[in-house]
Amino acid sequence: MGSQWILRCRGRGDLGAAATMGREFGHLMRVRPVITYSLSPLEQHAFPHYFSKGTPNTLHRTRACILHVVPPFVVFYFVYTWGTQEFEKSKRKNPAAYENDK
């Protein structure tokens, strides 16, 4: 009896509506209207101003960030080649240790 009174006092309707949460099967979710836009395939331009504006923009962005990107790659390349050479040297045997062997 107490739960019925709470449901009615909070404005949720009668007890039958509370059991189904106010929705019938098939109408369990409220969907907002969906607005879609479309263009005719004949009116679409897949790559508008691709070469006239896109290529200069790409070059501008590349020039702007090249000094931030290239130096770490160059440093990594030199460290990697130095480390590889040192590793190959450390795998070789020391010929001076075997001079007195017959």
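## Aromatic pairs

Tyr 80 sits at 53% relative accessible area, so this residue is exposed (buried is under 20%, exposed over 50%, and partly exposed in between, with a 1.4 Å probe and protein chains only as cover). This is a predicted model, where local features need pLDDT of at least 70, side-chain atom pairs count only at pLDDT 80 or more, and totals for chains, interfaces and linings use all residues. Residues are numbered from 1 along each chain as its sequence is written, and side-chain values use heavy atoms, leaving out hydrogens and water.

What does the structure hold in the way of aromatic pairs? There are four of them, where a pair means rings of Phe, Tyr or Trp (its six-membered ring) with centres within 6.5 Å. By plane angle, under 30 degrees is stacked, over 60 is edge-to-face and the rest is tilted. Phe 47 and Tyr 50 make an edge-to-face pair, at 5.3 Å centre to centre and 65° between the planes. Phe 76 and Tyr 80 are stacked, because their planes are at 25° with the ring centres 6.1 Å apart.

## Around the rings

Phe 76 is exposed at 55% relative accessibility. Phe 76 and Tyr 80 are both in helix 3, and their spacing of four residues is about one turn of the helix. Helices here are DSSP runs (H or I, at least four residues), strands are E runs of at least two, and numbering starts from the N terminus.

Over at the other pair, Phe 47 counts as exposed at 63% relative accessibility, while Tyr 50 comes in at 47% and is partly exposed. You'll find His 49 in the loop between helix 2 (15-19) and helix 3.

In the model, residues 66-83 are 100% helix and 0% strand, with the end C-alpha atoms 26 Å apart.

## Salt bridges

How many salt bridges are there? The count comes to two, with a salt bridge taken as a side-chain nitrogen of Lys or Arg within 4 Å of a carboxyl oxygen of Asp or Glu. Side chains of opposite charge can pair when their charged atoms come close.

Glu 86 and Lys 89 form a salt bridge at 3.7 Å, N to O. Both are in helix 3, three residues apart, or about one turn. Lys 89 is partly exposed at 48% relative accessible area, and Glu 86 is partly exposed at 35%.

Glu 88 and Lys 91 also meet in a salt bridge, at 3.7 Å, N to O. About one helical turn separates Glu 88 from Lys 91, because they are three residues apart in helix 3. Glu 88 is partly exposed at 37%, whereas Lys 91 is exposed at 53%.
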